[in-house]
Amino acid sequence: MADAASAGGADAPVANRGAITACVILAVIMQALDTTIANVALPYIQGSVSASADQINWVLTSYIVAAAIMTPPSGFLSNRFGRKRVLLTAIAGFVVASILCGIAQSLLEIVGFRLLQGLFGAALVPLSQGILLDIYTHEERGSAMALFGVSVMVGPVLGPVMGGWLTENLSWRWVFYINLPIGILAFAGIVAFVTETKANMQARLDWLGFGTLSVAIGALQLFLDRGEQLDWFASGEIMIWALVCASATYLFLVHTFTAPPQSSFVNPRMFLDRNFAVSMFFIFIVGVTYLASLALMTPYLQTLMGYPVMTAGIVMGPRGLGTMVCMFIVGRLIGRVDTRILLSLGLGLTAWAMYEMTGWTPDVSQWTIVWVGFVQGAGLGFLFVPLTTVAFSTLPAHMRGDGTGLYNLSRNIGSSAGIAYVTALLSDNVQINHENIGAYVTPFNRAFDDPAVHDNLNPLLASGRAALDEIITHQATIIAYIDDFKFMMLLTLVAMPLVLLLRRPASPAPTDHAVVME
């Protein structure tokens, strides 16, 4: 697990602190960008390697699965071998895997190299955060974690835009080559300025706990990523992933609750902490509402509204700006304002943004998209830092390393589950709405008596039926998006009363900001 939380923090100014911060932030941005930058290039990669639509999705799935599996043991690796050494290995491996992805000539090659990218990239975010926590004093950590959160959020916002520009103007291969200069700068800076932590060669990994958890996470990710493509439980493959996930989860839980807590991969006693347990649910909701809505907005703008990829990225940019601005504001409010009030404000802003989106049609103005996106981003800014404060404020210090890993894992699973669910809900509702609207399209509908309608949309003619089907599908899709936005709004509202379950820290301190926001 990430060791960030165990850092004592800097008691005196650290030399070259600005350079260290810039280098680790570069490493975080490189990894965060790669989670979404390849999405736009998928159709081009598909044609280049002659893959089917089902096969090309493994380019994304392999990366997500590998990163999810390798995130929890990153703290153990840094404790065993030294944080600087592991971080440099992760950067070097990530860059090399990126170059290999760029020169890949077949689907098998690119999927394998993306798997390597995920394995090496998983450690970049938690270890970079650990370094930031070490070089900043307790009083400065609020602002440091706000800066760190902004760097993590750069990926979902800028990834699609950069991916689209690079693909259109250069080649899809540059989506991966772009990591080379960033990685070289980060690697050189860390070599020059970061000091090594003490390695504990006696540390031992609970292989059974790690193995069963890894299998469960991998099977769950495959279940979520491929479920919509294969019609969920109508597919034998999906049934297999579900059974593997359930079996591995059962074995992990049995092992965790029967093994000695000090030797278990995850200490179950941390879930007795009410703040931590409730915060795990909250960060899951954040993953669902933010990244799932982001995944919906790109096709909404490009498919329904006909925006070019660059225009879509520009109008979505203020969402990230809202997050950045409010993260820095909240970083200064922590310790002065009850974190439960900040959380409630963040949830309220998120629900308001979703409510506004339930009234959208493809005729909505760009200004509306901009200000609603800013509000939603502001809501996220008011959630991240206060939520981490509450989550770790009452958790014993020796459990925080495990806690940050599980907290991060909960957000990742929330993102995957949210994207999978809203995508499936969108697909199902398009079909349902199409059927409901189509029921009114018959030759006996008096609306067809209008000559203008009859000439262009005559259901008795093949051309008329095709035109009608296109219009109905368009309208059904609009309603389906509204249903998705409504679901996320209701989910946010349902989560709001749970703020009352959180206990106010006796003495809020910026040291409690430690969390892996990957």
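**Chat: helix packing and cores**

User: How many of the contacts between residues at least 6 apart in sequence join residues at least 24 apart?
Analyst: In this predicted model, 84% of those contacts join residues at least 24 apart.

User: What share of the 518 residues is buried?
Analyst: Buried residues come to 56%.

User: Switching to helix 14 and helix 16, what angle do they pack at?
Analyst: About 30 degrees, with the axes 12 Å apart. Helix 14 covers residues 274-304 and helix 16 covers residues 339-357. Angles under 35 degrees count as roughly parallel, so helix 14 is roughly parallel to helix 16.

User: Is that crossing left-handed or right-handed?
Analyst: Helix 14 and helix 16 cross in a left-handed way.

User: Which residues make the contact?
Analyst: Helix 14 brings Phe282, Thr289, Ser293 and Met297, while helix 16 brings Leu347, Thr350, Met354 and Met357. By class, that contact has 5 nonpolar and 3 polar residues, with no charged ones.

User: Now the largest nonpolar core, which residues have the most contacts inside it?
Analyst: Ile91, Phe282, Met297, Leu301, Trp360 and Ile369, in a core of 109 residues. Helix 14 supplies the largest share of this core, 17 residues.

User: Leaving aside neighbours within four places in sequence, what is Met297 in contact with?
Analyst: Met297 is in contact with Met316, Arg319, Met357, Trp360, Ile369 and Phe485.

User: And the second core, how many residues?
Analyst: That separate core has 19 residues, among them Val49, Ile110, Trp172 and Phe176.

How values were computed
Residues are numbered from 1 along each chain as its sequence is written. This is a predicted model: local features need pLDDT of at least 70, side-chain atom pairs count only at pLDDT 80 or more; totals for chains, interfaces and linings use all residues. Side-chain values use heavy atoms; hydrogens and water are left out. Axes are lines fitted to C-alpha atoms, for helices over the stretch in contact, and angles run from 0 to 180 degrees between N-to-C directions. Helices (H or I, at least four residues) and strands (E, at least two) are DSSP runs, numbered from the N terminus. Angles under 35 degrees count as roughly parallel, over 145 as roughly antiparallel, 65 to 115 as roughly perpendicular and the rest as oblique. A crossing is left-handed if the near helix is turned anticlockwise from the far one by less than a right angle, and right-handed if clockwise. Contact means heavy atoms within 4.5 Å. Ala, Val, Leu, Ile, Met, Phe, Trp, Tyr, Cys and Pro count as nonpolar, Asp, Glu, Lys and Arg as charged, and the others, Gly among them, as polar. A nonpolar core is a set of buried Ala, Val, Leu, Ile, Met, Phe, Trp, Tyr and Cys residues joined through side-chain atoms within 4.5 Å. Buried means under 20% relative accessible area, exposed over 50%, partly exposed in between (1.4 Å probe, protein chains only).
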